[in-house]
Structures are given as structure tokens and as C-alpha cells.
Amino acid sequence: MATITQSEVAPLHQQLHVTIKKEDYLPAFEKALKEHSKKANIPGFRKGMVPAGLVKKMYGSSLFVDEVLRQVDQQVNQYLTSSKVDIFANPIPVQMDLQQIDMNKPADYEFVFEMGLKPAIQLPDLKSTAVKRYTITVDDAMVNEEVERMQQRYGNMTEPEAVESDENVLNLTFTETDAAGNAIAGGIRKDNSVLVRYFKESFRPNLMGKKKGDTLHIAFDEAFGAPEAEWILSDLGIDSGKDRFFNLEITKVGFIEKRELNAEFFAQLFPNDNITTEEEFRARVKTELEGQWATESRNQLHHSLYHVLLDNTRVDFPQEFLKRWLKTQGENNTPKTDEQVEAEFPQFLNQLKWSLITDKIATDASIEVKPEDLRAFSKQQLLGYMGVNAIDEEAEWVTTYIDRMMKDRKYVEDAWNRIQTEKIFQWIESNSNAQDTPISREDFVKMNQEHNHAHH
């Protein structure tokens, strides 16, 4: 019978010494030979009638090695299960001499593995940590802005010959260039749709009278200012417009005739609300905005609580083991270099730390994701796809849709993770002492932008 002993290399860093005896693997090897004899397809022999000696000569060495290693893997897994060792990932083989495995000289073989043990952790007292739950007041100016945006979005597009006002829409091809306007090889080239008023007021006169086919050369930061610059940079996939130049080719000049605020428009946007007056419509828009900003505020609170837990939970990691593990876990079995490991290690540790924190919360708070949670999640997604607030959950087609999604393993795994994360943050929020703090929309957006820049 195999013997396994465990010894300490360093705190939370252990070695497993595994000795596999002949009687552990020989019966399985003989069985594998017989099975292979039945399946082997060798010219000159009928299938299933190949002599065992020939099979052993041709395939025995590889089958022998496979069975020895299979037994090693099985014994290690049984040991970890029975001893209830809580480890990071799979043990790493550090003494795996395959040359010693000789079919012609069966013997007792020794192997050595290393493993990292998960540490016990103590979460900080959330109620003693100051965090803010920001409340953004939706005022009339915000409602007016959103109503106008809706009128523009659902308006009728016309195509005037030339740019005439700040309300024109330009379909543009952004081509990255040098300062002289020469296209950069491998630079950005992307189509985008931009309102004239997204440009800086000082730049807009350059656009007046421009037509389809015209091209302008711009320095990004001279043409665009906050907050519109942030949106366009995001669309272009870059972080900063500093020292970035583009040629803008106008591929279309458009103008949106804003929708009238009438019952037809109200019904199109909110078909279940029976809105008949502009006053009712604006009140409904305000409710929508309040919900959106409440969600933004909650997301920001959760982000703050994430950092509270991450920054204030002390975890002792078996770092040397984890670096060795990270080095050997490259894509396509390609080991990482020491430089790559050092560069990735801080983020890797943060991910492990957060995993330990969430595992502890889920265990301590008995958080679990039930089948009915998954079905409710699927139904809610269906509502979102359809753009409605309610649906007859007894309808056969709804049940069929949900049943089909529950058979999609990737979908269920993703849904399970998202539901568990939501439940964990609900627990974190309920156990914190967040202070309601009024803030303007502008200051809230600026705060988040500064935070995002600080973490790039």
C-alpha cells in the first residue's frame, strides 16, 4: 500500500513524500495490457487477437508509466480528501523522475510534491470603518437633460448638406496621425458618431459649413473637453488624448428632429404606465433617473467596501510556493519567466486574498445559491432583453426558455457566480456602517473619474 508523509518547508508550505509500491500499480498495469490487446489494431492480426507479448513490447512502457502516475495521482487525491487539507490549487511535483519507472524492473517509486496551505483569516470590523453611501439628488435640470436626450434618441434623422449648428450629428472616421497629419502605421482607425456640441465651444466654428467627405486634422485635447472627451477616449480604446492627433473624415452630416412630447411618445417609452401628460412623463423620467443613480451609488459603496476588506484583512501567504505555482501555470503549458511572475504576483495575491475573503463570508454567513435563485435570475434577464417590467411566469414559452438556460453549463456557472457575488455584497453592506452623504452629480462623477485614473 502507498505511503504518504507530510513535512513543512516553511509556514503554510508543505511537502508530500509519496511512495508507490509494486502491488499498488502492477494489477492495474496488467489489466491495461489486456484491455489494449482487445482494442489494438495491428496489421497481420485480427482485432482482439493480438498476442499480449507483442502489445507489451509495443505499448508496455507507456502504459506502465501511465498506470504508475495514475496511481500516484489517485493516492495523493485520496490523502488530501481524507486529511481534509485546505490547499491552493493542485500540488506541484518537485521530484518526478520518470527515468526510474522501468517496466522491466518494477519497484517501489518515490515522488515528492509541494503544496501551499490556505491560511486562516480574520475579517475587519466593518461597522468601525467609515464609509459613505452617496445620495445624488435628481433635480429639474437633470430631468430636462434626460428628456431632451430621449427626444434626440427617438427623433427623426435628416441629412442636411452641411453643418449648420451645435445640434448636428457627424459620422466620423477617426484615423490616428502624427502632428503633421500623416497616418501612423498600426494606429487607431475607428468610426464614431459625435454631436457637434461634444466638441469644445472654441473648436466648433471649425466645423461650420463642413460637408460629407471633408477632413479635419485635430489635436485631441484641443478639440474635445470633459466629460465628452472621456466617452470618446473610451470608444477609441485609449486612456489619454495628450499628444494624440487624428484626421477626422466626415462620412455623414445628420440632424435629428426632436420628438414631440405627446401621448404617442410617452406610450412608446413607458407602454405599461398610461402616461398622458408631460408632467406625468417628467415625473416618470425622474423616477428612472433616481433608480439609475441609486444603482451607481450602491456600486460605488460596494467598491469602497471591497477596498476596506482587501486593505484591512491580513493574510499570510506561502509566497515562495505560490510564485513557483504561478511560474508553472502558463498557457499551453508554457512556463512563465521570473520577470513575468514578479510583474503578475501583486495582482495575483490580491485575487487570492479576495477569494479567501469571499469564501469566508459565504461560509460564515451560510450564503448559498439555490435553484430557484438561478431560475429567477434567468427570468429577470429575459425581462431585460424584452424591455418589460413584468411577464407571465406561468407561460409555457417562459418556462421552456428558463429550462433551456438551466441546461447550459456555462450560463449556469456564470449566473451562479454573479448571484453569489451579489449576495455576498448584500451581506457586506448590511454589516457596514455606511453614512448617507449628499453629493452633486458632477462631484460624484468627478470623484469616480479621479479614482479610476489613480488606479490605472
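Biologist: How far apart are the mean positions of the positive and negative charges in the protein chain?

Modeller: The mean positions of its 54 positive and 75 negative charges lie 8 Å apart. Lys and Arg count as positive, Asp and Glu as negative, while His and the chain ends are not counted. Each charge is placed at NZ of Lys, CZ of Arg, CG of Asp or CD of Glu. This is a predicted model, in which local features need pLDDT of at least 70 and side-chain atom pairs pLDDT 80 or more, while totals for chains, interfaces and linings use all residues. Residues are numbered from 1 along each chain as its sequence is written, and side-chain values use heavy atoms, with hydrogens and water left out.

Biologist: What is the radius of gyration of the protein chain, and what would a compact globule have?

Modeller: The radius is taken over C-alpha atoms, and the globule rule is 2.2 Å times the number of residues to the power 0.38. For 456 residues a compact globule would be near 23 Å, but this chain has 32 Å. Its C-alpha trace spans about 90 × 55 × 50 Å along the principal axes.

Biologist: Which residues have the most contacts inside the largest nonpolar core?

Modeller: In soluble globular proteins, nonpolar side chains tend to be buried together. A nonpolar core is a set of buried Ala, Val, Leu, Ile, Met, Phe, Trp, Tyr and Cys residues joined through side-chain atoms within 4.5 Å. Buried means under 20% relative accessible area, exposed over 50%, and partly exposed in between (1.4 Å probe, protein chains only). The largest core here has 32 residues, and those with the most contacts inside it are Leu-309, Phe-317, Leu-322, Ile-357, Ile-361 and Ile-428. Helix α9 (338-364) is one of the elements giving two or more residues to this core; α9 gives the most, with ten. Helices (H or I, at least four residues) and strands (E, at least two) are DSSP runs, numbered from the N terminus.

Biologist: Which residues does Leu-322 touch?

Modeller: Contact means heavy atoms within 4.5 Å. Not counting residues up to four places away in sequence, Leu-322 touches Phe-88, Phe-317, Phe-345, Phe-348, Leu-349 and Leu-352.

Biologist: Where is there a cis peptide bond?

Modeller: Most residues other than glycine have a negative phi, and most peptide bonds are trans. The bond from Ala-226 to Pro-227 is cis, with omega near -5°. Pro-227 lies in the loop between α4 (220-223) and α5 (228-236).

Biologist: Is Asp-243 buried or exposed?

Modeller: Asp-243 is exposed, at 63% relative accessible area. Its phi is positive, about 55°, although Asp-243 is not a glycine.
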